[in-house]
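Here is a structure to question term by term. Each answer sets a value against its definition.

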Amino acid sequence: MVSKNIPVVKLGIIAVSRDCFPIALSTQRRENIVKEYKGDLYNCKTTVENEQDMLKAVADVKEQGCNALVVFLGNFGPETPETLIAKNFDGPVMFVAAAEGDGDMINGRGDAYCGMLNCSYNLGMRHLKGYIPEYPVGTAEDVAKMIADFVPVARVILGLKGLKIITFGPRPQDFFACNAPIKGLYELGVEIEENSELDLLVSYKEHENDPRIDDVCKDMAEEMGEGKYYPDLSRRMAQFELTLLDWAENHKGSRQYVAFADKCWPAFPSQFGFEPCYVNSRLVSRGIPVACEVDIYGALSEYIGMCASDDTVTLLDINNSVPKYIYDEDIVGKYDYKLTDTFMGFHCGNTPQCKMCSTRAIKYQLIQNRLLENGGKPDFTRGTLEGDIAASDITFYRLQCDSEGNLRSYIAEGEVLDVPTRSFGGIGIFAINEMGRFYRHVLIQKGYPHHGAVAFSHVGKTLFEVFKYLGIKDIAYNQPASLPYPTENPWK
């Protein structure tokens with residue numbers, strides 16, 4: 001996915017060397033990494049032995065536009081200068097070290113295995129953040145793989161540093177799960193702008209005769225295809241899309257990136273004349289998450305997943321169990337999952353159309369139609385994007401600030417099954433190993449809301465590293481049956 005709303009990572013590599021070790025160990029090993037790595041990697045030629053070298057190297061990578069760094073211990077490394085790189089460079093920094101194996105274990109031994117210990121100790125003493133991989137010591141080939149894994153982590157960190165979440169609220173009545181302290185956003189370095197739903201309505205009305213509306217309507221028609229949308233509704237939705245895009249551009253302020261958390265019911269459809277779901281899906285497919293029901297941490301989670309996967313995402317209710325008759329007809333014998341491993345993820349229609357089956361279409365919100373139009377012929381409750389979500393690998397996850405103001409998270413990898421849901425909305429049958437236990441002992445036990453963010457690939461490894469880097473102490477996951485949860489009854 002190409003989007004101006006997520007960062008482009010420009011990496012640089014700086015080698016460091018302790019002055020009592022041959023500097024050639026670091027310089028040559030650095031060159032081997034640059035040759036091995038297949039991506040864009042600026043090769044800083046200043047090998048850092050002292051603080052003056054550090055200043056020169058950092059100035060060089062900054063001048064080249066690098067926004068993330070690899071600090072490579074080609075030998076033991078100088079503890080002070082190498083850690084000061086992280087202090088003087090304004091961006092995420094990964095620390096890795098060279099494995100031995102150049103052939104000469106007398107003059108060719110670098111002891112970087114030992115040096116990494118002192119490096120991490122000094123980072124801690126200086127209260128500096130450095131990203132250190134699971135096993136940070138390796139050959140040029142190994143380090144090249146570590147760098148590739150670091151890119152999506154760096155993209156998330158840079159994205160959060162430049163993110164503003166814009167809300168239009170307040171949250172719907174009785175949706176307490178979508179309400180959470182914004183304190184956690186500030187701890188992450190994320191800005192927030194909170195507005196009234198009335199502010200949005202005023203701006204929407206000001207866009208009534210926007211000359212760009214016709215082009216947006218044409219694009220919507222081409223995207224959906226004949227018979228898959230309501231032509232009489234397109235202008236209203238196009239007007240709203242332009243309203244949000246202009247608001248994002250005009251309210252970024254000092255930030256580079258934007259996500260929305262908007263109120264979408266009960267007043268919205270009657271006052272705006274449609275349901276906003278399809279427009280929300282179009283924006284997230286273009287890299288701007290729009291979380292439903294003023295779910296601020298849902299929007300944050302979506303944005304994190306977008307940066308981690310470099311793809312579009314969605315936000316769904318962890319909604320309903322899979323009926324046993326569907327399980328017996330379409331899952332047993334085809335997929336290796338228990339009934340309790342499965343559930344349906346649903347929302348009214350905010351999932352990007354590119355992640356849905358070909359039968360997707362713009363329809364109306366059945367639940368709101370019952371409530372607001374007495375179940376009659378739908379008018380302003382139209383505007384949802386409905387259909388089954390296409391089969392895909394997925395990661396279900398969330399970063400949340402709880403009622404006590406503590407940031408916590410969960411991650412679970414799984415898949416959307418190629419099984420018809422027989423239901424309405426934007427919906428899919430999800431399967432996650434040991435979901436039943438995860439549902440009880442993580443989602444319920446820890447008080448998570450019903451919204452979960454979905455990335456359409458397996459990015460659990462990246463998300464875990466991101467949350468760890470951010471200092472999130474509680475990172476839950478779907479533990480195997482052999483590893484009971486603290487609250488799991490051993491005599492069940």
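This is a predicted model: local features need pLDDT of at least 70, side-chain atom pairs count only at pLDDT 80 or more; totals for chains, interfaces and linings use all residues.

Q: What makes strand β11 mostly covered?
A: Six of the six residues in β11 (342–347) are buried. Buried means under 20% relative accessible area, exposed over 50%, and partly exposed in between (1.4 Å probe, protein chains only). Residues are numbered from 1 along each chain as its sequence is written, and side-chain values use heavy atoms, without hydrogens and water.

Q: Which residues of β11 point which way?
A: T342, M344 and F346 point one way, while F343, G345 and H347 point the other way. All are buried. In a regular strand, side chains alternate between the two faces of the sheet.

Q: How do you know that β11 pairs with β10 and β16?
A: Two strands pair if DSSP finds at least two bridges between them. β10 (313–320) and β11 have three bridges, and β11 and β16 (426–431) have six, so both meet the cut-off. Both pairings are antiparallel. I318 has G345 of β11 as its bridge partner, and T342 has A431 of β16.

Q: Why do β7 and β9 count as edges?
A: Four strands form an open sheet in the order β7-β6-β8-β9, with parallel pairing. β7 (191–196) and β9 (290–291) each have a single partner strand, so one side of each is left without a neighbour in the sheet.

Q: What joins β8 to β9?
A: Two bridges join β8 (257–262) to β9, and the strands run parallel. A261 stands opposite A291 in β9.
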